[in-house]
Amino acid sequence: ERLALLGMQELVVDTLLPPGGGMRVSGQLGNLTAQDTYTVPGSPYEMLGLRAAAQSLLTFEYESPSDAARAASRARAEFDHVLRLKMSSVRVSYWHAAVMHTWDYLQSGVLGALVSATASTVVQAARSVLSAGTDASALALHIEVGSPLVLLPTTAGAADGLQADLGRIGVSNTLERRVEHEGETAALLDCIRVTVEQMQLSSRGEGGGEGGGEEVQMVRDEVMEVIVERGLGDSAGRPMVVIGSGGELMCSCHKAQYDALLCVVAENLASKGDTADRRAGLQPIVPSAQQADLGDATDAHGARQSAIAINEALAEGTDATQVPTSATAEPPEPLTDKGGMEVRFSWPLVSLLLKDGHGGARSLARLGMHTLYVKYVSDGKPGGATELKLALHSLQAEDVLCGGDLVRSIALEGQHGDQTLAQLHYKGTGDDGGADTMALRFNRLHLEWNPATVAALVAFV
């Protein structure tokens with residue numbers, strides 16, 4: 001059976017090694033396409049490819065100076081190598097069952113072991129970039145991604161469903177020296193800034209394609225920013241901090257869009273494919289004597305043991321990537337094993353407007369959540385302590401149909417300090433044997449019952 005057809009066009013890579021040391025690698029990739037040939041064999045469709053107006057998928061450039069220039073840059077607390085990447089707008093038609101079929105194929109048998117070993121190598125390479133070690137080596141990032149379009153159809157390759165334009169994505173970084181506590185030396189930080197602009201979500205009617213079919217906006221021009229701060233050199237033990245903030249998220253949803261969302265979830269995202277049946281039909285792996293003689297006795301023994309372990313995993317119906325191999329026998333340490341991680345994210349306003357007609361003939365209710373805040377802290381150790389905080393300042397549901405409020409948060413009588421509507425605080429002690437704790441607090445909610453509005457909302461869902 002044919003699962004997918006992958007194609008790569010106009011791949012060009014140029015490498016320059018100057019006499020004085022260092023390296024410069026640049027190139028481009030014209031296009032990368034993937035077609036689903038499994039779901040509907042007689043009518044394959046493109047799962048991945050360039051959008052209509054794009055000319056080339058990506059261009060890249062990597063510069064690493066000589067050892068002397070790198071040492072001088074580190075002494076001045078500057079970037080000592082540079083990565084520039086520009087990616088054009090791509091179009092992804094996501095059908096979950098097809099993705100699961102392909103993923104299961106890549107995890108199966110000897111190919112699964114090879115994929116696992118390759119993934120482990122990539123993870124280790126990424127880990128070496130994020131773990132700064134004792135030197136102050138830093139990579140300057142200049143990355144631009146132009147408006148990826150993700151389609152979520154109700155049937156494989158169809159034109160209806162939902163589409164998300166992820167907007168313009170940019171990644172850049174700066175080096176900063178910062179005194180965080182009085183009396184301490186300044187910490188050297190690599191501050192990575194990720195910005196997303198003009199994100200949009202819409203529904204699509206039949207008639208299809210990227211430019212065809214009826215398109216109705218649900219979310220328009222949303223923005224988001226994420227800043228990652230990691231320590232370098234002597235500051236590498238500092239916890240990694242991730243700070244995110246969103247703009248005012250305004251979503252409008254009418255009945256037909258709500259039904260399309262339910263259909264996408266039920267028919268697309270909830271489908272896992274017949275992965276168990278596929279795995280049961282795989283043939284056992286038997287290493288030949290010729291394969292065993294390719295290396296020394298230790299390598300041959302390792303190959304035989306890996307094949308035996310994979311056969312046992314296939315017989316039990318488990319993933320081949322969970323089988324220890326020579327490349328994955330030692331589990332990698334977590335990225336945050338030196339200083340842990342802290343994540344903070346906030347939205348000033350999240351608003352949802354419900355309408356009962358196709359195209360929004362009549363507004364029913366508007367739900368608004370003001371100042372939503374999330375904080376997560378981990379010490380970065382396996383089985384270590386974690387902490388989660390959620391806070392919502394206020395909640396209001398406006399009765400647009402008949403006027404007034406459906407739900408409105410009010411402060412407790414005599415309360416003059418914190419006016420937060422709801423707070424959740426969870427502390428996990430990990431494997432130290434202590435008890436986990438969770439505290440939940442609510443202020444009062446005011447509810448008004450209008451039979452006509454309630455009946456319209458019940459009919460909506």
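Predicted model: local features only at pLDDT ≥ 70, side-chain atom pairs only at ≥ 80, totals over all residues.
**Entry 1: G27 and its surroundings**

Setting aside neighbours within four places in sequence, I found G27 in contact with V12, V13, L58, T59 and F60. I then placed G27 in strand β2, which covers residues 23-36. Is G27 buried or exposed? I recorded a relative accessibility of 15%; G27 therefore counts as buried, as the limit is under 20%. I also checked the C-alpha to C-alpha separation of G27 and D14, which is 5.8 Å in space, with the two residues 13 apart in sequence.

**Entry 2**

I next examined how β2 pairs with strand β1, residues 4-16. The two strands run antiparallel and are joined by 12 bridges. β1 and β2 form a hairpin with 6 residues between them. In the turn I noted G21, which has a positive phi of about 105°.

**Entry 2: S64**

I turned to S64 and located this residue in strand β4, residues 58-64. Which residues does S64 touch, not counting those up to four places away in sequence? I listed G22, M23, R70 and H81. With R70, I found a polar contact of 2.6 Å between the two side chains. S64 counts as buried because its relative accessibility is 12%.

**Entry 3: nonpolar cores**

I looked up the largest nonpolar core and counted 11 residues, among them L162, M218, V219, L354, L364, A456 and F460. I then followed A456, a member of the largest core. Leaving aside neighbours within four places in sequence, A456 is in contact with L364 and L401.

I searched for backbone exceptions, since most residues other than glycine have a negative phi. S147 is not a glycine, yet I read a positive phi of about 45°. I found S147 in the loop between β7 (139-146) and β8 (149-153). T371, also not a glycine, has a positive phi of about 55°. Where does T371 lie? I placed T371 in strand β16, residues 363-378. At 44% relative accessibility, I recorded T371 as partly exposed.

Notes
Residues numbered from 1 in each chain as written. Heavy atoms only, no water. Helix = DSSP H or I, 4+ residues; strand = E, 2+ residues; numbered from the N terminus. Buried < 20%, exposed > 50% of the residue type's maximum accessible area, 1.4 Å probe, protein only. Contact = heavy atoms within 4.5 Å. Pairing = 2+ DSSP bridges. Core = buried A, V, L, I, M, F, W, Y, C linked by side-chain atoms within 4.5 Å. Polar contact = N/O pair within 3.5 Å; in protein donor to acceptor, adjacent residues only side chain to side chain.
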